[in-house]
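The following note goes through several local features of one protein structure, point by point. Please read each point with the structure open beside the text.

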Amino acid sequence: MNVSATLNFLRLIRRPSLCLPHVTLSNFNDLPIPLSEAFGPLKPDIRAVVIDKDNCFAVPKENVIYKPYQILRNPLQEKFHSLLTTYPSPHLLIVSNSAGTNTSDPTSTHARLLSANTGVPVFRHSTKKPGCGPQVLAHFLNAPGSRVTAASQIAVVGDRLFTDVMTANLMGSWAVWVRDGVVESRNPVSVDGWMGARGDGVQGLNADV
């Protein structure tokens with residue numbers, strides 16, 4: 001059970017816009033690099049990127065990049081290569097509610113495997129999304145060599161409105177929602193119940209941050 005999501009759900013009663021993304025994309029391969037280009041004329045100063053794992057760039061419970069997102073014939077076009085080149089360490093981070101959490105991955109086995117398969121560090125956190133925002137922000141602010149000086153310089157990419165998008169908005173960062181994901185999601189915590197089964201009407205709406 002995600003206690004963090006349950007507790008933060010109460011905030012949505014007062015601020016429903018917390019689960020609204022700033023940008024909606026069909027899938028992970030649609031991420032523009034640099035990510036600031038996704039926001040049109042706003043062009044925010046994005047210096048760091050947080051990416052979710054399950055159903056964002058990987059099949060849930062798997063620790064490898066979904067094959068259609070790997071363009072092996074031209075490694076320079078592979079999305080993770082582009083992200084790592086544009087957002088070198090410590091400016092790119094995987095934050096998952098499975099790999100890297102104290103409850104779901106207590107020995108860090110999945111975190112280590114995922115990092116080895118992607119080349120991206122996996123964040124270790126005790127509180128699941130959306131409650132781990134302060135920990136994520138502190139990571140970027142304090143990491144040696146980090147250029148991040150404010151939450152508004154961070155973008156969070158994920159497939160769930162009530163975890164990934166809400167994390168970004170609670171932080172005061174930019175929320176990028178991967179609408180379709182790798183597989184169709186039937187989890188009511190992600191979309192159903194507030195925005196409809198597939199989040200109809202979300203695209204184009206801005207969240208209060």
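Predicted model: local features only at pLDDT ≥ 70, side-chain atom pairs only at ≥ 80, totals over all residues.

**Notes on selected local features**

1. Lysine 61 counts as exposed, because its relative accessibility is 77% and the cut-off for that class is over 50%. Lysine 61 belongs to the loop that runs between β2 and α2 (79-86). Its phi is near 75 degrees, which is a positive value in a residue other than glycine.

2. Lysine 43 is placed in the loop between β1 and β2. Such values deserve a remark because most residues other than glycine have a negative phi.

3. The bond from isoleucine 33 to proline 34 is cis, with omega near 0 degrees, and proline 34 sits in the loop between β1 and β2. Lysine 129 and proline 130 are likewise joined by a cis peptide bond, for which omega is about 10 degrees. Proline 130 is located in the loop between α3 (109-118) and α4 (133-142).

4. Aspartate 45 is another residue of the loop between β1 (23-25) and β2 (48-51). Is aspartate 45 buried, exposed or partly exposed? Its relative accessible area is 41%, so aspartate 45 is partly exposed: the value falls between the limits of 20% and 50%. The side chain of aspartate 45 makes a polar contact, at 2.8 Å, with the side chain of arginine 47.

5. When residues up to four places away in sequence are not counted, aspartate 45 touches Ser152 and Gln153. Leucine 35 is ten residues from aspartate 45 in sequence, and their C-alpha atoms are 9.3 Å apart in space.

6. How many cavities of 30 Å³ or more does a search of the whole structure find? The search finds two. The second largest cavity has a volume of about 40 Å³. The elements that give two or more residues to its lining are β2 and α5 (161-171). Among the lining residues are Val50, Ile51 and Asp52, as well as Lys129, Asp164 and Thr167.

7. Threonine 167, one of the residues that line the second largest cavity, lies in helix α5. Threonine 167 is buried because its relative accessible area is 4%, and the class requires a value under 20%. Neighbours within four places in sequence aside, threonine 167 is in contact with Lys129, Pro130 and Gly133. Two of these partners, Lys129 and Pro130, are the residues joined by the cis peptide bond described in point 3.

8. The final point concerns cysteines. A disulfide is a covalent bond between the sulfur atoms of two cysteines. How many disulfides does the model contain? The count comes to zero, where a pair of cysteine sulfur atoms would have to lie within 2.5 Å to be included. Cysteine 19 is buried, as its relative accessible area is 0%. Cysteine 56 is buried too, with a relative accessible area of 0%.

Technical notes
Residues numbered from 1 in each chain as written. Heavy atoms only, no water. Helix = DSSP H or I, 4+ residues; strand = E, 2+ residues; numbered from the N terminus. Buried < 20%, exposed > 50% of the residue type's maximum accessible area, 1.4 Å probe, protein only. Contact = heavy atoms within 4.5 Å. Polar contact = N/O pair within 3.5 Å; in protein donor to acceptor, adjacent residues only side chain to side chain. 1 Å grid on protein atoms, 1.4 Å probe; cavity = no way out; pocket = protein on both sides within 12 Å on 5 of 7 lines; lining within 4 Å. Points joined across faces, edges and corners; volume = space filled by probe spheres on them.
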